[in-house]
Amino acid sequence: MATGYRNIPTVDGTYDEDEERLTALPSSTEPLIGDDGDNGRKGPGDGERVGLWIWLLTVSAGISGLLFGYDTASISAALLHLAPSLSTPEHSVTTWDKSLITSSTSLGALIGGLFAGLLADYMGRKGVIYVADALFIAGAVWQALSTSVAAMIVARTVVGLGVGVGSLIVPLYISELSPPSHRGRLVIINVLFITFGQLIAYALGIILSPPTLSQDASWRYMLGLGGLPAGLQVVVMIFMPETPRWLLQHSRRNEAAKVIAKAYGNLTAREVDQVITGIEAGVSADTSDTLTEKFKLLFSVGGNRRALTISCLLQGLQQACGFNSLMYFSATIFSMIGFKNPTATAMVVAGTNMAATAIAFNLIDRLGRRRILLLSIPGMAIGLLLCALAFSHLPVLTPVTATTPNTASITNLWPPILIIFMAFYVASYALGIGAIPWVVQSEFFPMRVRGLGTGMATATNWILNFMVGASFLPAVELMYGGAAGLFVLYALVCVTGTVAVWWVYPETKGLRMEEIEEVLREGWGGVGKRVD
Ligand SMILES: O[C@H]1[C@H](O)[C@@H](O)[C@H](O)[C@@H](O)[C@H]1O
């Protein structure tokens, strides 16, 4: 079947020779889903300009991203101060307690991410954003008032549920409302908010530390403050709409038309109708699929299976490359190698992450996801190997906590060199794999399996996030070569990831979500052979 796009694998599994893959230039005489059939012409909403309203909407939804970033990063500074408050005469807080307090958030996020997808299909995207906010607020208050390790673990799990729900629903919400030409950039705004939240968490970790506040007040404020943006989001979201795709799935065509007219800027009634027809082709009006039927659809239909494989691959790679070991432990690492102010030094990681995500925001819809990924992941491998080299010239790291910093002074050039190499690694990460998996998972799945598929991809992210977070300190201690050995292992993950992405990943720049389904129905869109 003709796909209407250059370089899409044909039925016999061959590809066009052209270097530029899936450039989104219609070339066949067969109209595409959602296209107006006028070949070579852009469809409605594909133009350069989108309404101001869509930016407002993205920023409103992005508050969840801010909370995701804040809540995952604020714990690293809070951990330095909470032990006296949570210890009792019978039980002093141990390193194991601290690990549990940290990783319970990732576990909560795993569960939240899994269920959010299903919930989003039943109660709508907007409703699920409120659920995330309720969890963020409850978790923040609970953390701030906790007086025992057990209470803290439960509170962190509640926050984690919010993080997981928010991490799935916001990219989905934004991508379902965005015109194709801006979808990548708008979803990246949410990632930009995540990295901004992480930067704020690091900064507040420094500002709210003693002597500014007592040790007890310090961590309670750091963690409790997470509730405020969630409250703000509840108010702002009242004025935001449900997504057209969900409205159409629930036979609410008029409302969907109004939302599209607003989100896409100046469209004529005919153009709105064209967009709606395109979306409807991908939306099953049948909302009666049971969970078992959804699972069956997800795994038995080739296109769905490919969407799931690629989304999980990218989400898994985003975490297995070890980035969050830096996000959660860079202060600890810098303290181990003798930096006087490890938390401030660690801001290099959070700052570079945010700055490079801003560059990704500018590049994604211009360069395309595939090309950026194939620059980002090999760049990370190089950065990790350079870091490993630097680690091998530093004293063997012993997992000390940031409360007991290494007092040895820096005697050679390797520590600052390490920071430069780390910044290179972090920039390569944030340019591509740090943001793109969130874009991909929210645009690859057909409507009927979108909730379940994005849920599984999000869960893959959080499982690996948990594994990396939980294994970092023991791995540094036990592995051959310590931190250097571990970074070589992360580099190997990146090399494997580069090959996998090159093999299976199609470019989807500028395609409508329904057109992406079309691409995946035909086969893998990378250079790999067609698989069924
Ligand atoms: O996209 C985000 C972002 O890259 C964050 O900096 C990182 O901590 C998260 O794990 C990731 O999902």
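**Entry 1: Ala155**

I looked up Ala155 and found it buried, because 24 other C-beta atoms lie within 10 Å. My scale: buried means 20 or more other C-beta atoms within 10 Å of a residue's own, exposed means 12 or fewer, partly exposed is in between, and C-beta atoms are placed from the backbone. Ala155 sits in helix 5. Helices are DSSP runs of H or I with at least four residues, strands are E runs of at least two, and both are numbered from the N terminus. I then checked Ala155 against Trp524: they are 369 residues apart in sequence and 42 Å apart in space, C-alpha to C-alpha.

Notes on the source: residues are numbered from 1 along each chain as its sequence is written. The model is predicted, with local features needing pLDDT of at least 70 and side-chain atom pairs counting only at pLDDT 80 or more, while totals for chains, interfaces and linings use all residues.

**Entry 2: the core**

I turned to the largest nonpolar core, which has 167 residues. Such a core is a set of buried Ala, Val, Leu, Ile, Met, Phe, Trp, Tyr and Cys residues joined through C-beta atoms within 7 Å. Ile169, Leu384, Cys387 and Phe487 touch the most other members. Helix 5 (residues 149-177) gives the most to this core, 16 residues. Domain 1 (52-287) and domain 2 (289-532) both contribute residues, so this core lies between them. The domain bounds come from an automatic or database domain assignment.

**Entry 3: the ligand shell**

Which residues surround the ligand? I listed Val191, Ile194, Thr195, Gln198, Gln318, Asn324, Met327, Asn353, Gly434, Ala435, Trp438 and Asn465. The cut-off for being near is a C-beta atom, placed from the backbone, within 6 Å of the molecule or strand. I sorted the shell into five nonpolar residues, seven polar and no charged. Here Ala, Val, Leu, Ile, Met, Phe, Trp, Tyr, Cys and Pro count as nonpolar, Asp, Glu, Lys and Arg as charged, and the others, Gly among them, as polar. Helix 6 (183-207) and helix 14 (323-336) each supply at least two shell residues. The largest share, four residues, is from helix 6. Both domain 1 and domain 2 give residues to the shell around the ligand, so it lies between them.

I checked helix lengths against an expected span of 1.5 Å times one less than the number of residues. Helix 13 (residues 302-320) has 19 residues and should span 27 Å; its end C-alpha atoms are 26 Å apart, which agrees. Gly322 follows helix 13 with a positive phi, near 85°.

Helix 15 (residues 342-367) has 26 residues and reaches 36 Å from its first C-alpha to its last, close to the expected 38 Å. I found a bend of about 30° at Phe361. That bend is the angle between axes fitted to the seven residues ending there and the seven starting there. Just after helix 15, Gly368 has a positive phi of about 95°. Thr352 lies in helix 15. Thr352 is buried, with 21 other C-beta atoms within 10 Å. Thr352 and Ala430 are 78 residues apart in sequence, yet 8.2 Å apart in space, C-alpha to C-alpha.

**Entry 4: backbone exceptions**

Most residues other than glycine have a negative phi, and most peptide bonds are trans. I looked for exceptions. The peptide bond from Pro210 to Pro211 is cis, with omega near 10°. Pro211 is in the loop between helix 6 and helix 7 (215-224). Ser251, not a glycine, has a positive phi near 55°. I placed Ser251 in the loop between helix 9 (244-249) and helix 10 (253-263). Buried or exposed, with 10 C-beta neighbours inside 10 Å? Ser251 counts as exposed.
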